Amino acid sequence: MRADVELDIGRKTFASGLLPELIAVLRRSRPGDLIGVVSDEQSLGPELETWCRFTGNPLVETTSENRRARWVFRCGAVAEPAGVPAEDDRPVGSRLWLYTNFDCNLHCDYCCVRSSPTAPRRELGLARIQRIAREAAELRVKEIFVTGGEPFLLKDIGEILLACAAAAPTTVLTNGMLFTGRRAESLRGLPRDRIVLQISLDSATPELHDLHRGPGTWARTREGIQRARALRFRVRLAATVSTDAEADAFRQFLDEETIAAEDRVIRRIALRGSAAEGVAVSRVDLVPEVTITADGVYWHPVGAEDADLLVTREIFPLSGSFAAVRRAVEREGEHAHKLARIFNCA
Ligand code: SF4
């Protein structure tokens, strides 16, 4: 991860002059700046992490190379974008996210889980999803979100969505480009009152969307939106943006299209996965939303393959997964700098 400031502290520790250096670098930095700390002392990690939590400067990455450790922390909180409605914190377990496969027909340059046509498929699989859905219903999950990579690459996506929709109202996140042939058929049989299609569209015109997602993708997504509406699905439009100006422009487009407030999502690019630029986030920044992948249970869908957001490898029983996330929340204590409004994935 690229940092705005690099601090090589050699063998310094908190007992030998590190603190004044950290204070000095914070004084020179602006909120949101990333500060890299390189050290010969790998054992400094726990103390530095404690200092980061205590001072409200979240640790966002830990790496090590050639026997040197590098930590990146963010200077303070990130300004929340203007015009995004406040949301109350949701109880852990009210929302459940499922990553169905990870591979994708697109290769977006900011994909937070590195999905692409060449990403290995890591499938939850229909049988596991059916069990998750049954147990989710028993646990009174209020909403299920299904994401891919691109879920409509899966032959059994229709059955997957039927199982989820039987358990709770379900939103499926898609780039909307595959609603033809057998995939269109799999859509036809789904309950319109239980399933929302959340389609990614980053801008009102092709330039910005195609820049991140590939030439011609904006036009094909627009066609997909029309197809979904023609099939009488409720469609939510979701944009991933870099700046307030991009968010404002998209909001204006949504106004012109008379898209209802509940069918709009605008979120920032997170510095995770394939993204080279974006907002660096750590666990303490994100309101937890239980997220299940083929590899385990994660804290939040942004970064659902990153070790720092992994809660447990054990998916079942689902009540155990939820309990593990709740215990992790208790350990995190007071989240003073939540960025939920920026990373409102749905
Ligand atoms: S952002 Fe969505 S559409 Fe783009 S590569 Fe990732 S999963 Fe696929």
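Reader: To start, which residue in S2 does Glu-6 stand opposite?

Author: Glu-6 sits across from Gly-36 in S2. Before we go on, a word on the ground rules: this is a predicted model, where local features need pLDDT of at least 70 and side-chain atom pairs count only at pLDDT 80 or more, while totals for chains, interfaces and linings use all residues. Residues are numbered from 1 along each chain as its sequence is written, and side-chain values use heavy atoms, with hydrogens and water left out.

Back to the strands (DSSP runs of E, at least two residues, numbered from the N terminus, with helices being H or I runs of at least four). S1 (residues 5–10) and S2 (residues 34–39) run parallel and are joined by five bridges; strands count as paired if DSSP finds at least two bridges between them. Together with helix H1 (residues 18–28), S1 and S2 form a right-handed β-α-β unit. Right-handed here means that, with the strands pointing away from the viewer, the path from the first strand over the helix to the second runs clockwise.

Now for S5 (residues 95–99). Five of its five residues are buried, so S5 is largely enclosed by the rest of the structure. Buried means under 20% relative accessible area, exposed over 50%, and partly exposed in between (1.4 Å probe, protein chains only). Arg-95, Trp-97 and Tyr-99 point one way from S5, while Leu-96 and Leu-98 point the other way. S5 runs parallel to S6 (residues 143–147), with five bridges between them, and Trp-97 stands opposite Phe-145. To get from S5 to S6 the chain passes through helix H3 (residues 126–138), in another crossover that is right-handed. S5 also pairs with S11 (residues 290–293), again parallel, through three bridges; there Leu-96 has Val-290 as its bridge partner.

Salt bridges come next (a side-chain nitrogen of Lys or Arg within 4 Å of a carboxyl oxygen of Asp or Glu). The whole structure has 30 of them. One of them joins Arg-2 to Glu-277 at 3.4 Å, N to O. Arg-2 is in the segment before S1 and Glu-277 is in the loop between S10 (264–268) and S11, so this pair ties together parts 275 residues apart in sequence. Another joins Arg-74 to Asp-285 at 2.9 Å, N to O, linking strand S4 (residues 68–74) to the loop between S10 and S11. Both Arg-74 and Asp-285 are buried.
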